[in-house]
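Let's take a look at this protein together. Have the viewer open and follow along.

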Amino acid sequence: MTEIKEDNVCQPREPLSASRFRRNWAKLRRNKAALVGAVLILMYVLSALLAPVLFTGNPSAPNLINSLETPTLKNPLGTDELGRSILGRIIYGSRISLLIAVGVVSVGIVLGIPLGLVSGYYGGKIDFSIQRVTDTLLAFPGFLLALALVAVLGVGFKNTVISIGISMVPMYIRLVRGCVLSVREEDYVEAARAVGTRDVIILIRHILPNVMVPITVQTSLSMGMAILFAAGLGFLGIGVQPPTPEWGTMLGSARSYLFHAPHVATFPGIAIFLAVLSFNLLGDGLRDALDPRFKI
Amino acid sequence: MLAFITRRLLLLIFVLFGVSVLLFGILMTFSPERRAATYVTSPQQAKDIPKIIKQFGLDDPFYIQYFRWMKEVLKGNMGWSLVASRPVGEAFWNYFPVTLEMNLFAAPIVIIFGIWLGTLSGIHRDTWIDHTTRILAIVGWSLPTFLFALVLLMIFYGYFQLFSPGVLSDQLTMFIIDNPETFTRFTGMYTIDGILNGRFDITLNALAHLVLPVSTYVIVVVALNMRVMRSGMIEELSKDYVMTAQAKGADKKTIYIKHARRNALLPVVTVAGQLVALSMEGSIAVEVVYNRHGIGWWLAESAVQLDMPVLMCICLFMGVVFVITNLTLDILYAYIDPRIRLN
């Protein structure tokens, strides 16, 4: 979805230093929207970590006598069709969603960064073949690719992560390659090469640091997108499977009770929306703070 | 320019080939036995699986099977759809108008609304107008399509009993099925067919069914368009030629509309491809929630029931549409901005 312009993004920057960090941090702090995003993310992380403390009991154990209850003191967000506390399922669901988000960007980073570095640095035939594969993957809208992959790989947590992860890889390849191309001819890279530094060292020590800013921004936005995609797959019934409390899956099963028990769909929906929103707000804020040249 | 177009067309062939190989490759990850099992309808036939594998050459080398498949696809034979219980090609033309109709209504709104809001936001930077539109944009951006669709359905249909889901009311659908001789389905799109057949009540009914899907679409997709337009406006308004125009005494409207907006429209062309991608993704959720049997619904249903020929057909179709859109946009952009051609 959000793509970052490749040109002029990763010009050589001033070296990392405490003062630069402080300045960027101050900029980020002034950005209220980003701060809201960061606080919300922190809340989600805390609820994921403290899930057993915040909600005692098993969020997946059915209790049919209490099914489809409206919010009460005992169940602040009501219960779903099997009488399970929606609050408890949302709290435990934050574990699933955050794990998916982290897993997806890990797949994207682990595959995308090395391929992008190699493609941009060496050029020639390697670049050509990597780029044509990337073109092919980019020929599909991201969600479509994830959907097709998950249909073939099968449903479940692991395959959801792999499918969405693969759909993110081309974006990382393009981003990193664009950056590498813009710094490859810089004097310091030339100098490193002249003194006989090995390519691996040049890539890691001299080129990679220049790519870190756009990657950080992209990662925040990608995590939001990963949660969105995973919820979408769950909603369609081909994501993480019940009884695991996944927000999208919860929303999907709540569809049948949409009109006489709207709260069952509403609360997981809000959870998804706020999670995606917070990553997008943080990503936007990071972009503004770290690089004023980003425009979109 | 010609060299540029030729180069891009050659690349297009490459990508389309890659797309077909990728899709076929995904299918081939299934064992021949599993692929043969799709031909089996009753348990008694299970012993025929080796025979089926032999008959259709399911254990032949990859490239032989690929070329056999490609030959059929180019002839227009895409296989049999389990979900639609008819040939994929035939079912496709049945579902496609539903999706096309929704996009035909949504696209102009998205484009006009996005450009208008973005321009407004850019001109009145950091005022309440700007803040409101920006909040709307980030909310629209983060709101899952299926969620927003559900919320609208819950409010308007569940609470106010307005705008029922589906494509057409049951009564009118029955009428059309019962009277094929009085109502000809020229395009498959009820809004247009209604007019062509002189049945304006059908057009109006179909339009009422489009209100919620199109609104969902617009809110979710418009954000991207608007953001790009806004930043484009801000950038253009800070340029020297704007100051020159001001110094010469041009009025604000001329500066905004004639000078700045024209240049700010350029980057919008580059994200139009992403808009197409977004609307493809959006059509899946919108059609599932509003129970409109179009391409998106068919795709979702096929993914659930593992209807492989349909998945491949729709992925191929969407891939081709997406690639051709991007190519057209590239050429358009190179035409508008000659600097691109030189790279």
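What follows goes from the whole chain down to a single residue.

## The overall fold

Keep in mind that this is a predicted model.

Draw a box around the C-alpha atoms of chain A along the principal axes and you get roughly 75 × 45 × 30 Å. Take the contacts in chain A between residues at least 6 apart in sequence: 75% of them join residues at least 24 apart.

Chain A has 296 residues, and 56% of them are buried.

On the charge side, chain A carries 26 positive and 18 negative charges. Their mean positions lie 5 Å apart.

## A look at Asn31(A)

Now zoom in on Asn31(A), which sits in the loop between helix 1 (18–30) and helix 2 (32–49) of chain A. Is Asn31(A) buried or exposed? Its relative accessible area is 19%, and buried means under 20%, so Asn31(A) counts as buried.

What does the side chain of Asn31(A) reach? It gets to the backbone nitrogen of Ala33(A), at 3.2 Å. Setting aside neighbours within four places in sequence, Asn31(A) is also in contact with Gly285(A) and Asp288(A).

Methods:
Residues numbered from 1 in each chain as written. Chains lettered and ligands numbered in written order. Predicted model: local features only at pLDDT ≥ 70, side-chain atom pairs only at ≥ 80, totals over all residues. Heavy atoms only, no water. Buried < 20%, exposed > 50% of the residue type's maximum accessible area, 1.4 Å probe, protein only. Contact = heavy atoms within 4.5 Å. Lys, Arg positive; Asp, Glu negative; His and termini not counted. Charge placed at Lys NZ, Arg CZ, Asp CG, Glu CD. Helix = DSSP H or I, 4+ residues; strand = E, 2+ residues; numbered from the N terminus. Polar contact = N/O pair within 3.5 Å; in protein donor to acceptor, adjacent residues only side chain to side chain.
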